[in-house]
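Take a look at the sequence and the model below. This report walks through a few places in the fold.

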Amino acid sequence: MKPFAYLRPGTVAEAVRAGAAHPGARFLGGGTNLVDLMKLGVESPDLLIDVSRLPLDRVARTDDGGLRVGATVRNSDLAAHPDVRGVRPALSQALLAGASGQLRNTATTGGNLLQRTRCPYFQDVSKPCNKRIPGSGCPAREGAHRDLAVLGHSQDCVATNPSDMAVALAALDATVQLHGPEGERTVSVTDFHRLPGDNPDQDTVIRPGELITEVVLPPPPAGAVSLYRKARDRASYAFALASVAAVLSVREGRVDRVALAFGGLAHRPWRARVAEDVLRGAHADEDVFVRAVEAELGAARPLRDNGFKVDLARRLAVGALTELAARTASPSDRGLPS
């Protein structure tokens, strides 16, 4: 591992100043991904800025019924929070599906959003990888790509985003609060991660020196229910082959509100806008769900060995929507008093 300097700032402003002054710096929260990448030689920061002691570890309700989640809130604490588990179950389920208990006890909200792909070529410094070294090539396209992208990929990269939490946040219309040298700004979770295009080394829209300070969830839609479902190669502690987060409310047999996001299929959580447009106002039945999801997945461009992910994602999404439609009449399923 390359030698590096270490700084523990006392304030967000101090952390941002240090990050802006050292282009090779990385912010350190739980370190569950960054430290592994440093051991592999994929990441080699010359300065680690430890933000784990900053006052960013609170979950608080907003005046309108939303939720503010600090960047250093641990994944275990967020999954167990009553305003998440009871009112936004898709987020709790995604966090619990994401890793072992030990990792959830260490991993942070901000770090989860910034974790990098588990594409084997990205993690192996002996292999070319456009995400690691732009212009070196993408051997995954013709090599081992079974677990990689079927949506939104490019000639330069077919990697997938590994975060379960981000998929749920995308369906819940969350936003990311950033603090940087130019001040504060807010970015929706659906826009925070990039598609690869011709510069796949840029995972997100975060700017040099910017620090995630919190994630904000809006009030849940009245009468809506949500869930997260994940398909993986083994029963636990595996990254998604495909996953889905869904939020649904039904009024008089028709879809009133819907949000749908896929994981494991693209370089970022894939918000299913085409499917949502088909569903709004339509009858809440399985035939409509199938038609909507197939319209979304019509954009898929599977590679030689990962076409199965399209059908897997379709089955997950249709099953999730069908289950939610059957539950919308039950107040207890919405986290409301019966």
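**A loop residue to begin with**

Cys-138 sits in the loop between helix 8 (120-123) and helix 9. Leaving aside neighbours within four places in sequence, Cys-138 is in contact with Asn-130, Gln-155, Asp-156, Cys-157 and Val-158. Compare that with Ala-300. Cys-138 and Ala-300 are 162 residues apart in sequence, and their C-alpha atoms are 19 Å apart in space.

**How confident is the model?**

This is a predicted model. The mean pLDDT of the protein chain is 95. One stretch needs care. Over residues 330-338, pLDDT stays under 50. For these residues the model has twelve contacts beyond four places in sequence.

**Helix 5 and helix 9**

Helix 5 covers residues 89-98, and helix 9 covers residues 164-171. Their axes come within 8 Å. They cross at roughly 170 degrees. How do the two helices run, roughly parallel or roughly antiparallel? Angles over 145 degrees count as roughly antiparallel, so helix 5 is roughly antiparallel to helix 9.

Which residues meet here? Helix 5 brings Ala-90, Leu-91, Ala-94, Leu-95, Ala-97 and Gly-98. Helix 9 brings Asp-164, Met-165, Ala-168 and Leu-169. By class, this contact has eight nonpolar residues, one polar and one charged.

Ala-166 is also in helix 9. Is Ala-166 buried or exposed? Its relative accessible area is 0%, so Ala-166 is buried. Not counting residues up to four places away in sequence, Ala-166 touches Leu-113, Val-189, His-193 and Pro-269. Leu-91 of helix 5 is 75 residues from Ala-166 in sequence. In space, the C-alpha atoms of Ala-166 and Leu-91 are 8.7 Å apart.

**A buried valine**

Val-84 is found in helix 4 (residues 82-85). Val-84 has a relative accessible area of 0%, so it is buried. Set aside its neighbours within four places in sequence, and Val-84 is in contact with Leu-67, Leu-78, Pro-89, Leu-91 and Ser-92. Now pick Asn-33. Val-84 and Asn-33 are 51 residues apart along the chain, and their C-alpha atoms are separated by 24 Å.

**Helix 12 and helix 13**

Helix 12 spans residues 286-297, and helix 13 spans residues 308-327. The axes of helix 12 and helix 13 come within 9 Å. The crossing angle is roughly 145 degrees, and the crossing is right-handed.

Which residues make this contact? From helix 12 come Glu-286, Phe-289, Val-290, Val-293, Glu-294 and Leu-297. In helix 13 they meet Val-310, Ala-313, Arg-314, Ala-317, Val-318, Leu-321, Thr-322 and Ala-325. Sorted by class, the contact of helix 12 with helix 13 has ten nonpolar residues, one polar and three charged.

**Two residues with positive phi**

Most residues other than glycine have a negative phi. Asp-173 has a positive one. Glu-252 has a positive one too. The table sets them out.

| Residue | Phi | Relative accessibility |
|---|---|---|
| Asp-173 | near 60 degrees | 42%, partly exposed |
| Glu-252 | near 50 degrees | 80%, exposed |

Where do they lie? Asp-173 is in the loop between helix 9 and strand 6 (175-180). Glu-252 is in the loop between strand 10 (242-251) and strand 11 (254-263).

Asp-173 has contacts to look for. Not counting residues up to four places away in sequence, Asp-173 touches Pro-218 and Arg-271. Then find Ala-20. Asp-173 and Ala-20 are 153 residues apart in sequence, and their C-alpha atoms are 29 Å apart in space.

Key: Residues numbered from 1 in each chain as written. Predicted model: local features only at pLDDT ≥ 70, side-chain atom pairs only at ≥ 80, totals over all residues. Heavy atoms only, no water. Axes fitted to C-alpha atoms, helices over the stretch in contact; angles between N-to-C directions. Helix = DSSP H or I, 4+ residues; strand = E, 2+ residues; numbered from the N terminus. Left-handed = near helix turned anticlockwise from the far one by under 90°. Contact = heavy atoms within 4.5 Å. Nonpolar A, V, L, I, M, F, W, Y, C, P; charged D, E, K, R; others polar. Parallel < 35°, antiparallel > 145°, perpendicular 65-115°, else oblique. Buried < 20%, exposed > 50% of the residue type's maximum accessible area, 1.4 Å probe, protein only. pLDDT = per-residue confidence, 0-100.
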